[in-house]
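Please keep the sequence and the structure in view while reading.

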Amino acid sequence: MGALFGLVFHAIGGFAAGSFYLPVRKVEGWAWEASWFVLGLTAWLLVPIVVALLTTQTPLAVLAAATPTTLFYAFLFGLLWGIGGLTFGLSMRYLGISLGMAVALGFSAAFGTLVPPIYAGTFGELLLTGGGRQTLLGIGICLAGIGLCGYAGMLKEREQDQATKQAAVAEFDLGRGLTVAVVSGLLSACFAFALAAGEPLGELAEAAGTRPLFRNNVALVVILLGGLLTNLAYCGYLFLRRGTQSDLTAPDTPNLRNGAWSALGGATWYFQFFFYGMGVVYLGERYDFASWTLHMAFIILFSTLWGLYLREWRGSSRRVIGFLVAGLVTLVGSTVVIGLA
């Protein structure tokens with residue numbers, strides 16, 4: 001039952017991650033950096049603090065009891081993940097939701113899943129158990145599904161003319177989008193390392209009386225502060241370069257509505273990690289390394305479905321849709337294999 005609950009929580013987190021950009025699409029009259037600034041403050045500062053206060057026993061005492069090393073590495077990996085998160089937003093800006101997520105998360109899934117057990121020296125142990133081998137098989141199937149979705153996206157790009165692409169994605173740019181998506185995929189995987197570095201915070205939280213299900217929430221505060229710093233620095237740079245900070249208070253734009261949509265996107269973004277942390281707990285110490293692959297798989301699944309709903313695949317041939325459907329079915333199958341393991 002633990003694995004089943006783990007899959008469910010990862011599915012909810014994947015749905016949140018695959019949906020967070022939808023509210024941002026409703027922002028009108030603001031530059032991208034203005035909406036991302038509000039989104040970032042909500043996702044990486046306000047909501048994590050509120051959730052930690054509500055779910056963690058004596059969170060300030062837990063942070064005070066942590067070693068400087070734990071806090072430093074959790075923050076550092078969060079900082080690197082923040083760069084990945086920033087370029088993640090840019091990848092969807094230039095490629096659209098479905099293709100941008102497929103490329104970025106494909107790299108992230110491979111790197112974030114396999115490196116931790118290799119670094120910890122436990123990869124060999126996984127090969128010695130039936131459950132471990134089946135979990136690795138599920139990861140391989142998942143990566144194949146991600147590859148199929150990405151390939152479908154590449155075929156779609158070749159078939160559509162520039163006008164069709166820009167009708168679905170206003171700033172479509174394949175070269176720039178692929179570049180930031182690759183960078184995003186590699187650095188976004190640092191979140192898995194950040195959570196591992198913040199594990200002592202989870203232990204302290206449990207010792208203070210926090211329910212095991214919420215043990216990671218105080219660590220998220222530290223991790224996401226690193227991401228906040230990265231993103232606010234970039235937004236500040238764009239504000240100074242373009243003078244777009246005035247968008248936040250411009251009298252001729254719907255500032256209150258824009259702020260609400262951006263904040264909703266930020267809150268939705270945060271809850272991917274809230275449920276991700278719960279999924280890690282239920283998968284258990286031996287198989288929690290598979291959490292990252294499951295998270296990526298569910299994000300791609302739901303983001304691709306949103307892309308279909310938003311007609312980003314409009315005009316694609318049956319061949320392209322066939323590869324896309326095959327990729328989605330493969331992703332779903334991989335979660336079943338990992339769950340059975």
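Gln272 is buried, with a relative accessible area of 5%; buried means under 20% relative accessible area, exposed means over 50%, and partly exposed is in between (1.4 Å probe, protein chains only). The model is predicted, so local features need pLDDT of at least 70 and side-chain atom pairs count only at pLDDT 80 or more, while totals for chains, interfaces and linings use all residues. Residues are numbered from 1 along each chain as its sequence is written, and side-chain values use heavy atoms, with hydrogens and water left out.

**Surroundings of Gln272**

- Gln272 lies in helix α14; helices (H or I, at least four residues) and strands (E, at least two) are DSSP runs, numbered from the N terminus.
- Leaving aside residues up to four places away in sequence, Gln272 touches Gly13, Ala16, Ala17, His295 and Ile299, where contact means heavy atoms within 4.5 Å.

**Aromatic pairs**

- Rings of Phe, Tyr and Trp (its six-membered ring) pair if their centres lie within 6.5 Å; planes under 30 degrees apart count as stacked, over 60 as edge-to-face and the rest as tilted.
- By this rule there are 30 aromatic pairs.
- Phe9 and Phe275 make a stacked pair, because their ring centres are 6.3 Å apart and their planes are at 20°.
- This pair links distant parts of the chain: Phe9 belongs to helix α1 (residues 2-19) and Phe275 to helix α14 (residues 255-287), 266 residues apart.
- Both Phe9 and Phe275 are buried.
- Phe20 and Trp269 form an edge-to-face pair, with 4.3 Å from centre to centre and 80° between the planes.
- Phe20 is in the loop between α1 and α2 (21-24) and Trp269 is in helix α14, so this pair ties together parts that are 249 residues apart in sequence.
- Phe20 is buried at a relative accessible area of 0%, and Trp269 is buried at 2%.
- Ring pairs join a cluster whose members include Phe20, Tyr21, Trp32, Trp36, Trp269 and Phe273.

**A charge over a ring**

- The charged end of Lys26 sits over the ring of Trp261, 5.6 Å from the ring centre.
- The rule for this is that NZ of Lys or CZ of Arg is within 6 Å of the ring centre and within 35 degrees of the ring normal.

**Salt bridges**

- A salt bridge is a side-chain nitrogen of Lys or Arg within 4 Å of a carboxyl oxygen of Asp or Glu.
- The whole structure has four salt bridges.
- One of them is between Arg257 and Glu28, at 2.8 Å from N to O.
- That bridge links distant parts of the chain: Arg257 is in helix α14 and Glu28 in the loop between α2 and α3 (32-55), 229 residues apart.
- Arg257 is partly exposed at 41% relative accessibility, and Glu28 is partly exposed at 46%.
- Arg215 and Glu199 also meet in a salt bridge, at 2.8 Å from N to O.
- Here Arg215 is in the loop between α12 (199-207) and α13 (217-242), and Glu199 is in helix α12, 16 residues apart.
- Arg215 is buried at 10% relative accessibility, whereas Glu199 is partly exposed at 29%.
- Arg215 forms a salt bridge with Glu206 too, with the closest N and O atoms 2.6 Å apart.
- Glu206 is partly exposed, at 32% relative accessibility.
- Through shared partners, salt bridges join Glu199, Glu206 and Arg215 into one network.
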